[in-house]
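Visitor: Please show me the model. I would like to go through its helix packing.

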Amino acid sequence: MNARERRESADERGGASAEARGLKGARRDEGKRWRRKVFGSVMKGVLIAATLVALVLLVVLLYDVWTDGSESLSADFITSFPSRFASRAGILPALLGSLWIIAITAVVSFPLGVATAIWLEEYAPRNRLRTIIQTNIANLAGVPSIVYGILGLAVFVRAFALGRSIMAGALTLVLLILPVIVIAAQEAIRAVPNSYRLGAYALGATRWQTTRHHVLPAAMPGILTGTILALSRAIGETAPLIMIGAVGFVSFKPQGVLDQFTVLPIQIFDWVSRPQPEFHALAAAGIIVLLAVLLSMNLIAILLRNYFQRRNEG
């Protein structure tokens, strides 16, 4: 066998070996794809099952609340004051107290949270101070609500001499939800494409003009989503308001921010803790009212979010 024949034989063996390696690699890739497909199908089934379980539990809970409280739900129930007689008891002071509390909480927490997020994302230098602030905000978002109640009692009720008032309760809830709003607003601002900023800078806009006219409108849907989630948590809180002295029985309508108050969750808790079944039915009716207020808040937030999305797309 001459040199040419030996080279041809070696090339044939090399080609056969490369073909075998290619077939082996193709089988290996096909096996990986099959495993990924099976794993994806299994996880999809698990997630769908978990979602269905949650939906079924929610439907059962809502049905149980509705069947227990629908008979007690009426115009007189909405417009009456609490009473030791179940047939005369109503939820008006608690409803007004919740509306007062959530309105003040939203008015104070939203601008503070968004302004903090803007400073952290658009203005703050990337140094140790920013890292410390960011870490503390993340930690505060996980602090139990009762701790905020103790803080509100010490600061707003006693140090600022606001007493056991609507303002003290609202400011306590502001402390509770402010870290959540800051984090949600930061994520929304961070998600805005950097090309928005660069385009504005190229046209001579200042940093504030860029943030106000380009970054904030694009981030507003995400900011509103995070805000409504935080406010939804605030409207259902009981522990911090009990700590600052919200009472379970209020027989008058609050007229100002320094009046005493109660809120829907505390009133519901007061009725549930009584042994008479009639008050349990009133508690279920109160839950329906609380859900109606919460859904109304969500509806307003969805309408605002859709408005900003349409304006950005237009």
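Guide: First, a definition: angles under 35 degrees count as roughly parallel, over 145 as roughly antiparallel, 65 to 115 as roughly perpendicular and the rest as oblique. This is a predicted model, where local features need pLDDT of at least 70, side-chain atom pairs count only at pLDDT 80 or more, and totals for chains, interfaces and linings use all residues. Residues are numbered from 1 along each chain as its sequence is written, and side-chain values use heavy atoms, with hydrogens and water left out.

Visitor: How are H3 and H10 oriented to each other, roughly parallel or roughly antiparallel?

Guide: Helix H3 spans residues 92–123 and helix H10 residues 264–272. Their axes (lines fitted to C-alpha atoms over the stretch in contact, with angles from 0 to 180 degrees between N-to-C directions) cross at roughly 150 degrees. The two helices are therefore roughly antiparallel.

Visitor: Which residues of H10 make the contact with H3?

Guide: Contact means heavy atoms within 4.5 Å. H3 contributes Ala-94, Leu-95 and Ser-98. From H10 come Leu-264, Pro-265 and Gln-267.

Visitor: Is Ser-145 buried or exposed?

Guide: Ser-145 is found in helix H5, residues 145–159. Buried means under 20% relative accessible area, exposed over 50%, partly exposed in between (1.4 Å probe, protein chains only). At 14%, Ser-145 is therefore buried.

Visitor: How far apart are the axes of H7 and H8?

Guide: H7 covers residues 194–202 and H8 residues 207–235. Tyr-196 and Arg-197 of H7 are among the contact residues, as are His-214 and Val-215 of H8. The helices pack at about 145 degrees, and their axes are separated by 10 Å.

Technical notes. Helix = DSSP H or I, 4+ residues; strand = E, 2+ residues; numbered from the N terminus.
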